[in-house]
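Colleague: I'd like to learn how to read aromatic contacts in a model. Can you walk me through one?

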Amino acid sequence: MKLLKFKTTSGFRMLKKDFEISFLTKTRVDKDMDNDDLIELEPGLYYPKETVFIGKNSSGKTSVLTLIQLILNFIKTGRIPTKVLRDQVYFDIEFIFYDKGVIYLYKGSFMNNPLSNREYLIIKDESLQKTTFKPNYKKDLSNISFLKENIIKPNINNDTSEITKFNFGDMSILVDMIAEDNLNLFNIISVINDFYGEGAFNTLVKLFDDSVEYINPIRLDNSSVAFAFKRINSTQLNVDINYLKNRLSSGTYRGIYLFAASLIAFKLGGDILIDEIEKSFNKNLIDNLFMLFNDKNINKSNASLVYSTHYSELLDSSDRCDNINVLHRDGDVISVDNMCTSYKLRTDLSKSKQFEQNAFDNLLNYDRLMDLRRLLRKWNFF
């Protein structure tokens, strides 16, 4: 299953009304090339393996990733948690997604009643349409023709959609919001070792910290789970996840989760969503993660990576520009521009060089920076 595009017709948090993202390619694809960075869902229907959101602080990167995760989780669970709306009373969303040769269009309206103390939003109205892909559809699917609506209704509590009965596949993981508990890490280690062979997880750990001999999942006498942790030339300790978080560097701990989630996605398919991918990592490590996603012999299930970054040099890791989305905030309104369709790129300069020259209006405001410098100089004078 792949989310192709979405639009929030009511806005979401500070995203403007009718905020829209399309994940599909927007430029011509040369079929004579390897195109390792693309997934061909249907003949002529291409999906990038990497989608990027970039912008200065408070430009909406986290809000967009949260909304994407919300949509992907809704397709699987049929529910939207009340807490995601914050100060909103209602929320409207429509999105197009692809699954097993069929393209679907979902439209839904959701309501929050602050007095009811409900865990999930009330579904006021929803519909689901579908069609098969046709070669004459445009890249943005603007001319797509859907068949008659499927009538779907929420459950008796009006908080769970019937969309779940279709059993749309694939997993998605938002790495920064992953549940950090003993059982979750225990299951991740077990799944990786099942998929790739016993000891595969420790091969991954050594990529980040070669002083660790092993981290193995164990069950204690009371049936709870823990981890056998051993550094080279040290004795084994049975520890919990808090011990690991305190003893491993932040880069090691975060890297284990990101790469472990990616290894699982390579087998199961789906999307890995990560906010601020450069946090705690160097560029070489991220480049190698991109290489794994683009290796068709490794990423056999067409997993894709959706991430945000402040690190403009990462934009040069791919020849594509139609998978880069630039976020802007004007007051309390967040908008988005696609780097390919909204800007005239200079082919003689790298994307990161143009970013540093403020071609996409994403650098610190110079006047405000000068205001701060004048304030600091005045303070130091006294």
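Colleague: Let's start with F23: buried or exposed?

Modeller: F23 counts as buried because its relative accessibility is 3%. Buried means under 20% relative accessible area, exposed over 50%, and partly exposed in between (1.4 Å probe, protein chains only). Keep in mind that this is a predicted model: local features need pLDDT of at least 70, side-chain atom pairs count only at pLDDT 80 or more, and totals for chains, interfaces and linings use all residues. Residues are numbered from 1 along each chain as its sequence is written, and side-chain values use heavy atoms, with hydrogens and water left out.

Colleague: How many aromatic pairs does the structure hold?

Modeller: There are 19. Rings of Phe, Tyr and Trp (its six-membered ring) pair if their centres lie within 6.5 Å; planes under 30 degrees apart count as stacked, over 60 as edge-to-face and the rest as tilted. One of the pairs is F6 with F23, tilted, at 6.3 Å centre to centre and 40 degrees between the planes. F6 sits in strand β1 and F23 in the loop between β2 and β3, 17 residues apart. Strands (E, at least two residues) and helices (H or I, at least four) are DSSP runs, numbered from the N terminus. F6 counts as buried too, because its relative accessibility is 2%.

Colleague: What kind of pair do F266 and F293 form?

Modeller: That one is edge-to-face, with 5.0 Å between centres and 75 degrees between planes. F266 lies in helix α5 and F293 in helix α6, so the pair ties together parts 27 residues apart in sequence. Both F266 and F293 are buried.
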